Each structure stands twice: as structure tokens, then as C-alpha cells.
Amino acid sequence: MASIAKKQVVFDLEEASAMVKDLRVTFDSGKTRSYEWRVSQLKALVQLCEQHEQEIVDALRNDLDKPPLETVAYEVAMLKNSCNVALKELKNWMTPEKVKTSITTFPSSAEIVSEPLGVVLVISAWNYPFLLSLDPVIGAIAAGNAVVLKPSEISPATSSLLAKLLGEYMDNSSIRVVEGAVDETSALLQQKWDKIFYTGNGRVGRIVMAAAAKHLTPVVLELGGKSPVVVDSNINLKVAARRIIAGKWGGNNGQACVSPDYIITTKDYAPKLVDALKSELEKFYGKNPLESKDISRIVNSNHFARLIKLLDDDKVSGKIVYGGEKDESKLRISPTILLDVPRDSLIMSEEIFGPLLPILVVDKLEESFDVINTWPKPLAAYIFTSNKKLKEQFVMTVSAGGLVVNDTTVHLAVHTLPFGGVGESGLGAYHGKFSFDAFSHKKSVLYRGFFGDAAIRYPPYTNTKMRLLKALIGGGIIGVIRALFGSS
């Protein structure tokens, strides 16, 4: 007897179109606009985190061999904090903002009303697959939108878990998850959305932006770049080394969009910095870091091969001063430092996104700013210095999504700061109220009564009316008085 094959569910253009249509029906009903609905969904996300922490840890172990501390602290706890900030501030965010009016519209009052955009798409990344999937969703929910989340197929265990948990905890008439790869993403991108939020690389970012342009859909693009670290000599070297290591290898083994990509220091100071990094790395990860349980593996064989190609470049193969060990069978590369790397080498031509850290040397530290500005604007830039003038020069001269003085990557934890890129490192920003604003339309509202209807607006036009209107629109009461008395 022939067996009957189970029909595989295919997510194609027809399915995508039907899903968006269903979500628009829900949004148009006004369900997602209420304060109560928004709060209920944010609380459900907190509950999801609290009740499934171990499953989330296990999924990240499966996808990246990510240490549990990194998952709990930098994914689960940060997501819960984002939810709690939104829950605490949501009423204030939703309250219309009163603004001043001018003499031109007297008497009147005005306000700015935040309204949801509609049905939005969030396409997330593989490197922090839990946090970077749900953090933008918090903003979309807080702003009152219906939302579709497309997790990355490169972290399949987390993608599957997100689909399962959001299906169980969230309102599925308003919030959906679509799993899959290129075909599914392409089907989603052909739909008309009210906003698309993408986290990933610039190549795919351009595809997303091109697809959005067909429908005049606004986008937020959270991309990346080569985030530099400038290291001065007048610092606490031990603390600086530990903070660089924490941002580079303690953040998913360099697989993070704000990971320190390269260091710039002086020729004289470079040997001391290398020694300090070596010493602290050995304390953190032992003499054989390939065996350490406190460092993530490379996500897959493609990225492993890409990183090895950077190391094998003739221009840098002799520049390795620490590390360089690899285990292809386990997708592991040890923390690797390269000293005095040429600026035209392969490793300096693209975002590294891995455990390799090149050091560039200059004669004077002030030259580092010009070096940084020869590359596209990065997502982050860091400096370690006690020199007030150098700090000020760094802030004024270096253009990046965000800057940190005397630390790395920690600006992500400050919800009052916008997180986003500039130029090729991204478009738009989120975190805290900036997430709410990213998924809101700021609607201008002017209120007037029937008193004070000025005849000067209406024909027949005269020179006196022209003088008065000119003065009114100019906004000066003295000009209005002068116009009334016929003075030019």
C-alpha cells in the first residue's frame, strides 16, 4: 500500500499576501491601538523570558555555543529591561505633546499625536538572535502596530523557539513569526508594509531598501562597519585591556555589530598594549582558548572560511603576535591579535565579525582620526584616554553611530541613548523611546475655534492686506502694528 506523503506547508507570495491582509484587518479594527492591548503584549514578552530562560540558553548554545552568562545577561536580561522601560513609560510616550502656536494662527492650540504606522516587518540577525529579534518588536508593539517577525535561518534553533513561544504567548491575530530563508524573505519583501526594520549586513540592507522603495515604505537599517578603538598611553592599561576584551571576545567572540574591529595606537605604546591584552586573555580563557567554555564558536563553516581567508592573506600572515589557532571541526578560532597591519590588507577591507583583532600603528595619536575617516562611518567608535582635549577632538572629529570614551559596547545598555548607524552603518535608530518613535508617525494637529476669523485672508486682495499678512507670517507683533498704521 503506497504511503501518502504529508503535504509540506510552503510560505510563498500567496501566503505572504494573505497574512498581511489578515493583519491589516486586525490593525484596522483598532485592536492594537489601545493602551491595554500594548501592555498585555509587553507583559506577555516578560513572562516568556521568565518562564523559558533555560530553553533560550539551550537554543543559543545550539546555534553559537554561546556561554550561558552572555545569553542571560546580554540577550534575556536586556530584553526584559526593554520591556520594563516600555511598560513604565508607555503612558507618557502615548500622551500627545503640547506645542506652542504662533500669532499667525491666533487663537489656536496645537499638539503632536503619536500614531501607529500600521503593519510592520522586522527582519532580524543571527548573532544575537533572541535580543535582536524581539527588541524591535517591543517598539512596534509599544507604538500600537501589527508586526511580522522574520528570524534568521542561520540561527535555526533560536528561530524555531521564537516561532513556538510567540505562537503560545502573543496575540497571533496581530503578531506573527515567519521562519525560512531567502525564498520566504523575498515573499515578505514583495508585500506592502508600513515600515521595515532590518538588522544585518549592508549587502542585504540594500536589497531590503530597494524592495521598500517600490512601495515608498520607510526603513530602519541596523547594519555595522569597522568600529575602531583608539588607545592613548596615559590610561589604566589593565582596565582598558579588559574592557577591549569584553567588547571583542566577550561579546559573541567578535560576532557583534559593535564589536571592536581594529585598534589604533602609537608605535611606542603598541608593545605594552599587546602584552596587556595577552595577559588578560590568558586569565579569561586559559592557555588553550579553543577549549574554553566561555567563548562562542563561529556560527557556520562559511563564516569560518571567510575568517581564515583574512588570516591567510600574505600581507598579514606574518603579523600574528597572539593566537591564530583554529579547529575547523568545532568551528573554533582562538582570540587572535595582529600587530602593525597594513591598511590595504584584506582584513582592513571589510568588517571582520570574528575573533581577529588587528592593531594599526601611527606616530602621533592625533593621526588616528584621519585614519578612521578614510573608511565608511562605523556603527561605533571607542577611545581610551585621560586627555580632555583628545576626548573632545574625538567626539567632534569622528562620525559614527555612537561613541564610547574609556569603554566598549556598553552604550547599548543605556535606553536614553539612540542606537543606530550613520551612512553605510545604518539608517534610523531605536532603544527606549527611540524604539517607540521608530514605529510611530508624529501627527501634527492644530485646533481652532470660530472666533477671530481674519478678513485679511480672503479676497479681494489689497496692499494693506498684503502688508498685514506679510507681518503676521513673519511672526512679529511690531511688524503687525506697523502694517496697521501703513508703515512699511
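**β3 and β6.** I began with this pair in the predicted model and found β3 and β6 running parallel, joined by 4 bridges. Looking for who faces whom, I saw that I123 stands opposite Y198 in β6.

**The whole sheet.** Next I traced the strand order, which reads β5-β4-β3-β6-β7-β17 in an open sheet of 6 strands with mixed pairing. Which strands stand at the edges? I found β5 (175-177) and β17 (426-427) there, each with a single partner strand, so one side of each has no neighbour in the sheet.

**Helices on the sheet.** I then checked what packs on these strands. Helix α5 (residues 131-142) touches β3, β4 (146-150), β5 and β6, and its direction makes about 170° with that of β4. I also noted α7 on the sheet, in contact with β3, β4 and β6, its direction at about 155° to that of β3.

**Helix α8.** At 1.5 Å a residue, the 12 residues of α8 should span 16 Å, and I found the end C-alpha atoms 16 Å apart, which agrees. Which residues of α8 are buried? My list came to G205, V208, A211 and A212. Down the axis of α8, the buried residues fall within an arc of 125°, so they line one face of the helix. On the face turned away from that buried side I found the exposed residues R203 and R206.

I followed the buried residues of α8 to their partners: β3 (119-123), α7 (182-189), β6 (195-199) and β7 (219-222). Last, I looked at the N-terminal end of α8, where N201 is the cap, with a side-chain oxygen 3.1 Å from the backbone nitrogen of R203.

Technical notes:
Residues are numbered from 1 along each chain as its sequence is written. This is a predicted model: local features need pLDDT of at least 70, side-chain atom pairs count only at pLDDT 80 or more; totals for chains, interfaces and linings use all residues. Side-chain values use heavy atoms; hydrogens and water are left out. Helices (H or I, at least four residues) and strands (E, at least two) are DSSP runs, numbered from the N terminus. The expected span of a helix is 1.5 Å times one less than its number of residues. Buried means under 20% relative accessible area, exposed over 50%, partly exposed in between (1.4 Å probe, protein chains only). The arc is that of the directions from the helix axis to the C-beta atoms. Contact means heavy atoms within 4.5 Å. A polar contact is a pair of N or O atoms within 3.5 Å; within protein, one must be able to donate a hydrogen and the other to accept it, and residues adjacent in sequence count only if both atoms are side-chain atoms. Two strands pair if DSSP finds at least two bridges between them. Axes are lines fitted to C-alpha atoms, for helices over the stretch in contact, and angles run from 0 to 180 degrees between N-to-C directions.
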